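Subject: Structure handover

Hello,

Here is the structure I promised to pass on. My notes on what was found in it follow below.

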Amino acid sequence: DLVVLVLGLTPKQEGEEGEDKGNPGGDRAAIELPAAQRALFTDIAALGTPLVVVLTGGSAQALSLIHI
């Protein structure tokens, strides 16, 4: 058994093309995954089941929470 966990950013979250109306400049304030995804990763990893993370997105993302 293993868990496949898909994390990452949607085009709206990345905002590079102005999709994020709350951030008209297009740049994100932080490059970490969203808080809900970081919490989900922590909870799933704590189960001790082998875990595969699939990361989506088209820009830099900080992965300090995920240890290889």
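Of the 68 residues of the protein, 18% count as buried. Please keep in mind that this is a predicted model.

Overall layout. The protein has two helices and two strands, and from the N terminus on these elements run β-α-α-β. Among contacts between residues at least 6 apart in sequence, 73% join residues at least 24 apart. The accessible surface comes to about 4700 Å², and carbon and sulfur atoms account for 59% of that.

The core. The largest nonpolar core is made up of five residues: Leu 5, Leu 7, Leu 33, Phe 41 and Ile 44. S1 and H2 each supply at least two residues of this core. In soluble globular proteins, nonpolar side chains tend to be buried together. Ile 44, one of the five core residues, is in contact with Val 3, Leu 5 and Leu 51, leaving aside neighbours within four places in sequence.

Val 3. This residue belongs to strand S1, which covers residues 3–8. Val 3 counts as partly exposed because its relative accessibility is 22%, and buried would require a value under 20%. Not counting residues up to four places away in sequence, Val 3 touches Ile 44, Thr 49, Pro 50, Leu 51 and Val 52. Val 3 and Leu 51 are 48 residues apart along the chain, yet their C-alpha atoms are separated by 4.8 Å.

Gln 37. Helix H2 spans residues 35–45 and includes Gln 37.

The surface. Leu 2, Val 4, Val 6, Val 52 and Val 54 form a nonpolar patch there, with about 420 Å² of accessible area together. The elements that give two or more residues to the patch are S1 and strand S2 (51–56). Val 54 lies in strand S2. At 35% relative accessibility, Val 54 counts as partly exposed, since that class runs between the 20% limit for buried and the 50% limit for exposed.

Regards

Terms used
Residues numbered from 1 in each chain as written. Predicted model: local features only at pLDDT ≥ 70, side-chain atom pairs only at ≥ 80, totals over all residues. Heavy atoms only, no water. Helix = DSSP H or I, 4+ residues; strand = E, 2+ residues; numbered from the N terminus. Buried < 20%, exposed > 50% of the residue type's maximum accessible area, 1.4 Å probe, protein only. Contact = heavy atoms within 4.5 Å. Core = buried A, V, L, I, M, F, W, Y, C linked by side-chain atoms within 4.5 Å. Patch = residues over 30% accessible without salt bridge, like charges linked within 9 Å, V, L, I, M, F, W, Y side chains within 5 Å. Areas by Shrake-Rupley, 256 points an atom, 1.4 Å probe, with all protein chains shown as cover. Salt bridge = Lys/Arg side-chain N within 4 Å of Asp/Glu carboxyl O.
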